[in-house]
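Subject: Handover of a structure and its findings

Dear colleague,

Please find the structure below for your records.

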Amino acid sequence: MILAVNIAGYRLRFTRGDYPVLGAGLMFLGSIVYGGGIWLIAQTYHISSLYHSGLLLWFAGITPVAWLLELNAVLLVSTGLLSGWSIIKCLDFNTPNYLYPFLVATVIVPLCYKNRSGASLVTIIAGFCVWVFQAAYYYFGGVPGLAMMVFFYLGFGIFLYTTGIVHAFLNRHSGFSLLYKALGAIIFFSFAYGISFSDSARSVVIAFKAPFHFSLLTAFVFVAALSVVNSVIAISLSKKLSGPSKKQLYCELIFAGCALAALSLMIAAPDRVFYGIYSNLILFATAIALIFLGYGKRTALFVNMGFIFFAVHFITRYVDWGWQYLPRSAFFILFGVVVLAGAALMEKERRKLVKAIRSGNE
Amino acid sequence: MNKKIKFYLIIALQIGLLLAMVGRSQFTLLTGDKVLLEVVPVDPRDIFAGEYVRLNYKISDMGPSYDRKGPAPRKRCHL
């Protein structure tokens with residue numbers, strides 16, 4: 001069956017070339033059937049190998065197909081398999097999987113760039129985020145000091161955003177620019193959101209007392225330094241740009257710089273009350289900055305993301321504080337009024353902005 | 001080497017890998033010593049699944065004394 005679907009797929013896509021999509025679909029099916037074969041044989045013969053080895057074998061078999069034929073669907077499966085292998089292996093052995101970042105850097109990331117596959121890049125970045133957490137967790141023996149990792153992820157979000165800024169200058173890969181920026185903003189917002197809760201802020205403050213917090217902070221310093229390098233590259237490349245585009249670029253870099261400075265201040269003054277107020281300010285500033293940048297750069301995605309971030313933040317804080325300080329009946333009545341009125345107002349403004357952006361783009 | 005040959009080589013490698021898995025296990029089945037193990041039913045009744053038999057090897061059950069104390073110190077146990 002593997003042979004049949006692959007031969008048929010290759011003929012339809014390349015030899016005859018009259019049904020390229022069907023051909024790609026059949027070769028994708030071939031990759032799935034190959035993986036199915038591994039599990040079926042393992043079941044049939046009671047192969048008592050470790051569960052995750054099957055995923056690695058699957059990955060090793062289909063990645064060359066993705067490389068040779070530039071099939072992005074196969075690459076996406078292969079990326080998911082590699083991340084799945086790493087996660088399950090970590091859980092099975094309780095040790096960090098040191099081979100994973102090596103395979104990501106030498107196989108998957110180059111393939112994502114070669115095939116220009118945004119979906120695989122997003123998958124591998126998500127997989128890498130999980131790997132960092134697992135690696136730190138097992139390396140430090142599952143200690144509560146892991147709360148410090150929140151600074152790494154916040155810095156990593158800024159690093160991804162600045163990587164997106166640099167990619168805008170790369171002709172062949174400029175398509176990744178928006179993807180990196182959006183992913184960076186989502187990661188940054190998610191972890192700032194996490195730290196805005198009283199309990200998580202307390203965990204981070206406690207983690208500062210652990211003797212190893214400097215080793216975890218090194219990870220933050222590393223990604224912060226990479227962000228600065230990206231910013232310097234972007235400034236050196238900005239000579240090609242004209243007036244308004246240059247202004248937009250500097251706006252983006254100033255926002256990224258402010259975010260890094262804000263994080264440094266958090267590290268310098270670990271205090272629960274300060275974190276509570278400060279993280280809320282960061283969340284609010286992130287949402288407003290995205291709307292501002294989205295409008296300035298004529299990118300509807302950023303405007304939409306900014307509005308979603310603002311709504312999530314607003315509703316969370318309302319529920320968080322309203323539940324404590326308001327009588328229950330007033331809480332629910334006000335909640336309904338606020339949500340309805342706020343949603344209607346925000347949607348009206350969002351549509352106005354997106355319409356202005358689209359008419360400007362046309 | 002053209003793309004077509006490379007592609008068929010990769011597919012041959014995939015099939016070869018699967019055949020190697022089969023061959024390795026089949027070789028053990030053909031050349032290995034046959035050992036017959038007594039099986040015992042475990043949990044023959046379930047409130048949802050009804051009557052069924054789940055088989056386990058008798059030697060897998062180390063007995064209640066093992067559960068209480070664990071393996072005897074400095075004694076090897078082969079299964």
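In this predicted model, both A:Phe152 and A:Tyr153 are buried, where buried means under 20% relative accessible area, exposed means over 50% and partly exposed lies in between (1.4 Å probe, protein chains only). Local features need pLDDT of at least 70, side-chain atom pairs count only at pLDDT 80 or more, and totals for chains, interfaces and linings use all residues. Residues are numbered from 1 along each chain as its sequence is written, chains are lettered from A and ligands numbered from 1 in the order in which they are written, and side-chain values use heavy atoms, with hydrogens and water left out.

**Aromatic residues**

Over all chains, a search of the whole structure finds 31 aromatic pairs. Rings of Phe, Tyr and Trp (its six-membered ring) pair if their centres lie within 6.5 Å; planes under 30 degrees apart count as stacked, over 60 as edge-to-face and the rest as tilted. The ring centres of A:Phe152 and A:Tyr153 are 5.4 Å apart and the planes stand at 70°, so this pair is edge-to-face. By contrast, A:Phe189 and A:Phe309 form a stacked pair, because their ring centres are 4.0 Å apart and their planes are at 10°. That pair links distant parts of the chain, 120 residues apart: A:Phe189 belongs to helix H8 (residues 175–195) of chain A and A:Phe309 to helix H13 (residues 300–325) of chain A. A:Phe189 counts as buried at 6% relative accessibility, and A:Phe309 counts as buried at 8%. One aromatic cluster is formed by A:Tyr100, A:Phe128, A:Trp131, A:Phe152, A:Tyr153, A:Phe156, A:Phe159 and A:Phe191.

**Chain A as a whole**

Chain A has 14 helices and zero strands; helices (H or I, at least four residues) and strands (E, at least two) are DSSP runs, numbered from the N terminus. The C-alpha trace of chain A spans about 65 × 55 × 50 Å along its principal axes. Of its 362 residues, 46% count as buried. Among contacts (heavy atoms within 4.5 Å) in chain A with a separation of 6 or more, 67% come from residues 24 or more positions apart.

**The surroundings of A:Ser196**

A:Ser196 is located in the loop between H8 and helix H9 (198–207) of chain A. With a relative accessible area of 6%, A:Ser196 is buried. Not counting residues up to four places away in sequence, A:Ser196 touches A:Ser279, A:Asn280, A:Leu283 and A:Arg317. The side chains of A:Ser196 and A:Arg317 are joined by a polar contact of 2.9 Å. A polar contact is a pair of N or O atoms within 3.5 Å; within protein, one must be able to donate a hydrogen and the other to accept it, and residues adjacent in sequence count only if both atoms are side-chain atoms.

**The interface with chain B**

Chain A brings 22 residues into contact with 16 residues of chain B. The buried area between the two chains is about 1,900 Å², with 80% given by carbon and sulfur atoms; buried area is the accessible area (1.4 Å probe) that two parts lose on being put together, summed over both. A:Tyr10, A:Tyr45 and A:Leu68 supply 32% of the area that chain A buries against chain B, more than any other three residues.

Yours sincerely
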